[in-house]
Amino acid sequence: MPLSEEAAKKKHAYTMQYAKRTYKRVPLDLRIENYELLKKTAEAAGETVNGYIKKAIEMRMNAENK
């Protein structure tokens with residue numbers, strides 16, 4: 001059953017509060033050609049660009065913190 005407009009607004013507000021206290025956004029600027037290569041590489045790996053970046057960061061942090 002779809003949410004009422006009021007319930008949808010409350011859910012959105014809660015989701016935004018949760019995200020604000022749980023996540024930290026990290027802006028990333030790439031040259032267009034680097035982004036295109038990143039996108040193509042992520043797609044070839046069956047991942048989204050966001051998922052590919054997160055996995056790459058996690059792998060490097062794990063390697064450097066051992």
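Reply: The lining of the largest pocket is made up of 10 nonpolar residues, one polar residue and three charged ones. That lining has 14 residues, and those nearest the centre of the pocket are Lys24, Arg25, Val26, Asn50 and Lys54. Two elements each contribute two or more residues to the lining: helix 2, which covers 32-44, and helix 3, which covers 49-64. Helix 3 contributes the most, with five residues. The space in this pocket comes to about 530 Å³.

This is a predicted model, and the confidence of the prediction comes next. The mean pLDDT of the protein is 96, and 100% of the residues reach at least 70. Helix 2, one of the elements that line the pocket, has the highest mean pLDDT among the elements, at 98. The lowest mean, 96, belongs to helix 1, residues 5-22.

The structure has one aromatic pair. It is formed by Tyr18 and Tyr23, and it counts as edge-to-face because the ring planes stand at 80°, with over 60 degrees being the cut-off for that class. The ring centres are 6.3 Å apart. As for accessibility, Tyr18 is partly exposed, since its relative accessibility is 36%. Tyr23 has a relative accessibility of 57% and is therefore exposed.

Definitions and conventions: Residues are numbered from 1 along each chain as its sequence is written. This is a predicted model: local features need pLDDT of at least 70, side-chain atom pairs count only at pLDDT 80 or more; totals for chains, interfaces and linings use all residues. Side-chain values use heavy atoms; hydrogens and water are left out. Rings of Phe, Tyr and Trp (its six-membered ring) pair if their centres lie within 6.5 Å; planes under 30 degrees apart count as stacked, over 60 as edge-to-face and the rest as tilted. Buried means under 20% relative accessible area, exposed over 50%, partly exposed in between (1.4 Å probe, protein chains only). On a 1 Å grid over the protein atoms alone, a cavity is a set of points where a 1.4 Å probe fits but cannot get out, and a pocket is an open set with protein on both sides within 12 Å along at least five of seven lines; lining residues have an atom within 4 Å of a point. Grid points are joined across faces, edges and corners, and a volume is the space filled by probe spheres set on the points. Helices (H or I, at least four residues) and strands (E, at least two) are DSSP runs, numbered from the N terminus. Ala, Val, Leu, Ile, Met, Phe, Trp, Tyr, Cys and Pro count as nonpolar, Asp, Glu, Lys and Arg as charged, and the others, Gly among them, as polar. pLDDT is the predictor's confidence in each residue, from 0 to 100.
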